[in-house]
Structure formats: structure tokens, C-alpha cells
Amino acid sequence: MITLPAYNIVTLITNTGNNTISMINTETNTVIATICVENLPYKVAITPGGRFIYVTNYSDDTISMIDIIANIVTTTIRVGSAPSGIAITPSGTRAYVTNKDSNTVSVIDIATNTVIKTVPVGTNPIGVAITPDGTCTYVTNMGSNTVSVINTATNTVIATIQVGDNPSGIAITPDGKRAYATNQRIDTVSVINTATNMVTATIFVGYKPSGVVISPDGTHAYVTNTGSNSVSVINTATNTVTTTILVGDNPSGIAITPDGAFAYVTNEFSGTVSVINTATNTVVATILIEHNSFPIGVEIGVLCKR
């Protein structure tokens with residue numbers, strides 16, 4: 001049973017090792033609930049308003065929808081093969097899911113929880129992010145070293161951008177003007193101008209960069225480096241790395257609190273979550289999830305009134 005104060009901010013963690021979602025109270029940095037889903041939960045997203053949680057189940061080719069009021073998984077949606085990334089439009093009406101082994105993106109109508117469109121993209125799509133105005137969805141294609149841009153009005157690909165080798169995570173600045181994509185095999189981040197859909201800068205970070213998140217004020221990008229057990233902090237004004245923070249073993253996902261004060265990092269091989277104070281860029285807490293839980297995905301949001 002999930003017992004939370006109204007409108008509490010929580011951190012959600014996908015645990016690939018035990019097929020669960022852990023819910024962390026960001027005030028106490030303690031796990032307050034564990035929810036069972038399907039096989040190999042990979043990424044997670046919260047609808048605006050905080051009523052529903054959507055989880056990609058990589059091994060089952062499904063999406064689990066958790067109703068916060070009911071406290072259970074109420075719907076399971078079949079999508080493409082190996083669903084990986086998920087992002088929800090700012091309006092809360094659509095979810096975009098990358099199907100890594102199908103080379104497609106499933107578009108889910110949240111009102112009906114049905115797939116209304118399947119969009120072909122590049123090879124092995126994994127990361128996904130939506131512009132703040134909801135007009136475009138950006139998808140990293142690991143196998144073709146590209147980013148596909150989907151027009152959300154027509155659900156068609158309107159641009160394909162060549163980036164670095166093995167692009168993984170992607171995040172868009174709050175003003176919608178730039179997208180940051182991590183390139184795992186060449187230890188870089190590509191900066192994309194979303195007006196022209198051209199790469200305008202390439203930033204060297206740590207070994208095997210994976211996840212990326214932008215601070216709410218747009219001044220910094222935080223990148224998890226799975227191979228060097230660190231987080232690179234990028235100044236977005238200069239597109240240079242200003243700080244490197246050591247975290248746990250094989251850091252993967254990263255999310256930031258709405259006020260920008262803390263970043264939460266999943267350490268897959270440590271079974272932990274590192275909490276970074278963004279004012280000092282230091283780890284101020286380490287949360288143990290569970291031995292062999294292998295946490296990967298992370299999302300921070302405000303849950304609705306119960």
C-alpha cells in the first residue's frame with residue numbers, strides 16, 4: 001500500500017533485477033513503497049498531475065500503467081520488441097515509447113491506453129525526449145548513430161540527425177532550443193540546435209556516457225558515465241565540463257528534482273541511488289535499494305492527491 005502526503009515529490013526507480021519499481025521519498029531519502037511490474041522494467045515516466053506511472057518492460061514487450069489512487073498496475077499495454085525509453089507529452093495526452101529491437105516508436109493514447117501509431121525510426125532506438133511545447137519528439141538510435149525527430153502532430157519523422165557513435169540518452173533544455181545526446185562509444189555529448197536540427201557542439205565527458213538530464217533553469221547538464229562511475233557536469237552556456245562527481249558502480253539513469261536542488265543517479269551494479277547536491281556537486285546520500293536489484297531508470301515527479 002502506498003501511503004503518501006498529498007502532492008509529495010517522489011523518485012521512482014526501475015529495478016531490472018527483481019521486476020519492481022521502488023518509490024523514494026525525496027524528503028527522507030528512504031524507500032517508502034515497492035511495486036511489482038513485468039519482466040525487466042527499464043524506464044519510467046509520470047503523467048502531468050501525477051495520477052499515473054508508466055513503466056517499460058523490456059523483456060515482455062509491454063508497458064505497465066500504475067494508478068496511484070488504486071495503488072496497483074491497472075493496465076498492461078503491448079508495444080514493440082524491447083521497449084526501452086518512454087516520455088510523456090507536456091499535455092499528458094500521449095506517451096512515446098522506443099522499441100529497441102523493432103526499430104520503431106509506439107505512440108500511446110493515454111486516455112484509452114492504446115497504441116494509436118507505430119513510427120519507424122533508426123536502428124535500435126533507445127532514448128526519447130519531448131520538447132517543452134510538445135511539438136517534437138527526439139529519439140536516439142544506437143545502431144545507426146542518429147537522432148530521429150518526430151512531429152507529434154503527424155507522428156512522422158521530419159529530420160534525421162547524424163550524431164556520435166552509439167547514442168543513448170537525450171534531454172532537451174527548458175527553453176526547447178537545444179537537445180543533448182550522449183554517445184557511449186566515443187565518450188561525448190552531441191549538442192543539437194532544435195531550430196535547425198544540426199549538431200552545434202561536441203563535448204568530451206567520461207567513459208561510456210549514458211543518461212543525461214538538464215537542470216530546470218537550463219544552466220547545467222548532468223551526464224552519467226557508466227564506464228568511469230561518475231557524473232559529468234556541463235555548463236550549458238559554454239558547453240564545457242566544469243565538474244566530475246564520483247558515484248556508484250555503473251551509473252545509468254539520472255533525474256533532477258523540480259527545484260533543481262538535487263540529482264538522483266541509479267548505480268546499476270551497486271544496487272544504490274546516489275543523491276547529488278547540485279549547489280555543491282557532492283554526493284550527500286546513498287540509498288540502498290536491494291542487493292541484485294540492478295536499478296536503471298529514474299524519474300522524479302509530484303504524485304496526485306490520494
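Strands here are DSSP runs of E at least two residues long, numbered from the N terminus. With that in hand, welcome to this predicted model, a protein whose secondary structure comes to zero helices and 28 strands.

**Overall form**
- A compact globule of 306 residues would have a radius of gyration near 19 Å, and the protein agrees with that at 17 Å.
- The C-alpha trace spans about 50 × 45 × 30 Å along the principal axes.
- Of the contacts with a separation of 6 or more, 40% are between residues 24 or more positions apart.

**Burial, surface and charge**
- Buried residues make up 59% of the 306 in the protein.
- The accessible surface comes to about 11400 Å², and carbon and sulfur atoms hold 51% of that area.
- On the charge side, there are 12 positive and 17 negative side chains, with the centres of the two sets 6 Å apart.

- Strand β18 covers residues 188-193 and strand β19 covers residues 198-204; the two run antiparallel and are joined by six bridges.
- Within this pairing, Val 189 stands opposite Ile 203 in β19.

**Asn 229, between β21 and β22**
- Asn 229 sits in the loop that links β21 (220-225) to β22 (230-235).
- Is Asn 229 buried or exposed, or something in between? Its relative accessible area is 26%, so Asn 229 counts as partly exposed, because that class lies between the 20% limit for buried and the 50% limit for exposed.

**Asn 281, between β26 and β27**
- The loop between β26 (272-277) and β27 (282-288) holds Asn 281.

Notes:
Residues numbered from 1 in each chain as written. Predicted model: local features only at pLDDT ≥ 70, side-chain atom pairs only at ≥ 80, totals over all residues. Heavy atoms only, no water. Helix = DSSP H or I, 4+ residues; strand = E, 2+ residues; numbered from the N terminus. Rg over C-alpha atoms; globule rule 2.2 N^0.38 Å. Buried < 20%, exposed > 50% of the residue type's maximum accessible area, 1.4 Å probe, protein only. Contact = heavy atoms within 4.5 Å. Areas by Shrake-Rupley, 256 points an atom, 1.4 Å probe, with all protein chains shown as cover. Lys, Arg positive; Asp, Glu negative; His and termini not counted. Charge placed at Lys NZ, Arg CZ, Asp CG, Glu CD. Pairing = 2+ DSSP bridges.
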